[in-house]
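Here is a colleague's note to read with the model open beside you. Take the points one at a time and find each element on screen as you go.

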Amino acid sequence: MTWLLDCDGVVWLAEQAIAGAREAVTTLRASGHRVVLLTNNSFPRRSDHLAKLERMGMPTDPADVLSSAMAAALLLEAGERALVLGGPGVIEELTARGVTTVTPGTGREVGPVDAVVVGMDPSFDFSSLAAAAAALRAGARLIGTNNDPAFPTPAGMLPGAGALLAAVARAGEAAPTIAGKPYPPTVALVRERVGEVEIVVGDRPSTDGLLARRLETRFGLVLTGVTPAGHGQLDPEPDLEASDLLALAQAELH
Ligand SMILES: [Mg+2]
């Protein structure tokens, strides 16, 4: 069967592998399961995700790594021009789609754009916010790679792309179309690149759980990310729950 795994809070926390994740992925693959990684983090390039998985002892086929940057690219057409407040992963996927990208703060004139694409952008500042707002007021559409308010790291929660997107939407008085989990572009991406999925494993019901519902499959919750042990009622409720990915995989393989 095919397992669709969230990354942050399931397989790793920022640059740190989660204990047991390597064994879980290795065991699942050895048992004949396909394991696909899907992250809402649009910042890294696909090659960065692959190198990280390799470093953590989980070498993965390039076809089995999906991100919200790829889902965002589905919302643009070849030949369009986009202002990007985001990382190299977004620029890579838009370029592969045939979209011309410009970034604020490079000293160049931004010029007219068809879309403003907002992802995780550690260099986000007032001038990039102003450039994005101006483009939206001039009629560009607003696309967010994802709407996560925050993401977990070993040092605690950091602001997510959704927080930056909220600032841009407010400043430009525009309503965003969001690409990542659990929104329709990611549902389309998974259906196109993966096909049938038997379980979505994640740490956040509002993204991973809702994606599972929209893919009409099961949601397996792990407690190694944003949802603490001893949580109350969740929406949606998980179909399975385990302390971590290894425990969940072992329970399923039993
Ligand atoms: Mg997560």
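The points below walk through the sheets, the helices packed with them and the metal site of this predicted model.

1. Start with the six-stranded sheet. It is open, its strands come in the order β5-β4-β1-β13-β14-β15, and the pairing is parallel. At the edges sit β5 (65–67) and β15 (240–242), each of which pairs on one side only. On average, neighbouring strands of this sheet are turned by 20° against each other, direction ignored.

2. Strand β14 (residues 218–222) runs parallel to β15, and three bridges join the two.

3. Which strands does α8 lie across? They are β1, β4 (34–39), β13 and β14, and α8 runs at about 160° to β14.

4. Opposite Ala 82 you will find Ala 115 in β8.

5. How do α5 and α6 pack? Helix α5 (residues 126–137) and helix α6 (residues 161–172) meet at an angle of about 50°, and their axes are 8 Å apart. The two helices are therefore oblique to each other, and α5 passes α6 in a right-handed crossing. On the α5 side the contact uses Leu 129, Ala 132, Ala 133, Leu 136 and Arg 137, while α6 brings Ala 167, Val 168, Ala 171 and Gly 172. Sorted by class, this contact has seven nonpolar residues, one polar and one charged.

6. Helix α1 (residues 21–30) and helix α9 (residues 245–253) have axes that come within 8 Å and cross at roughly 25°. Angles under 35 degrees count as roughly parallel, so α1 is roughly parallel to α9. The crossing of α1 past α9 is left-handed. Among the α1 residues that meet α9 are Val 25 and Leu 28, and the α9 residues include Leu 246 and Ala 249. By class, the contact of α1 with α9 holds eight nonpolar, two polar and one charged residues.

7. Between β10 and β11 there is a hairpin, with two residues between the strands. Strand β10 (residues 150–153) and strand β11 (residues 156–159) run antiparallel, joined by four bridges. Phe 151 stands opposite Leu 158 in β11.

8. Finish at the metal. Which residues coordinate the magnesium ion? They are Asp 6 (OD), Asp 8 (O) and Asp 203 (OD), at 2.0 to 2.2 Å. Along the sequence, these donors follow the spacing D-x1-D-x194-D. Asp 8 is in the loop between β1 (2–6) and β2 (12–13), and Asp 203 is in the loop between β13 (199–202) and α8 (205–214), so the pair ties together parts that are 195 residues apart in sequence.

How values were computed
Residues are numbered from 1 along each chain as its sequence is written. This is a predicted model: local features need pLDDT of at least 70, side-chain atom pairs count only at pLDDT 80 or more; totals for chains, interfaces and linings use all residues. Side-chain values use heavy atoms; hydrogens and water are left out. Axes are lines fitted to C-alpha atoms, for helices over the stretch in contact, and angles run from 0 to 180 degrees between N-to-C directions. Angles under 35 degrees count as roughly parallel, over 145 as roughly antiparallel, 65 to 115 as roughly perpendicular and the rest as oblique. A crossing is left-handed if the near helix is turned anticlockwise from the far one by less than a right angle, and right-handed if clockwise. Contact means heavy atoms within 4.5 Å. Ala, Val, Leu, Ile, Met, Phe, Trp, Tyr, Cys and Pro count as nonpolar, Asp, Glu, Lys and Arg as charged, and the others, Gly among them, as polar. Two strands pair if DSSP finds at least two bridges between them. Donors are N, O and S atoms within 2.8 Å of the metal (3.2 Å for Na, K and Ca); water is not among the atoms, so sites may look incomplete.
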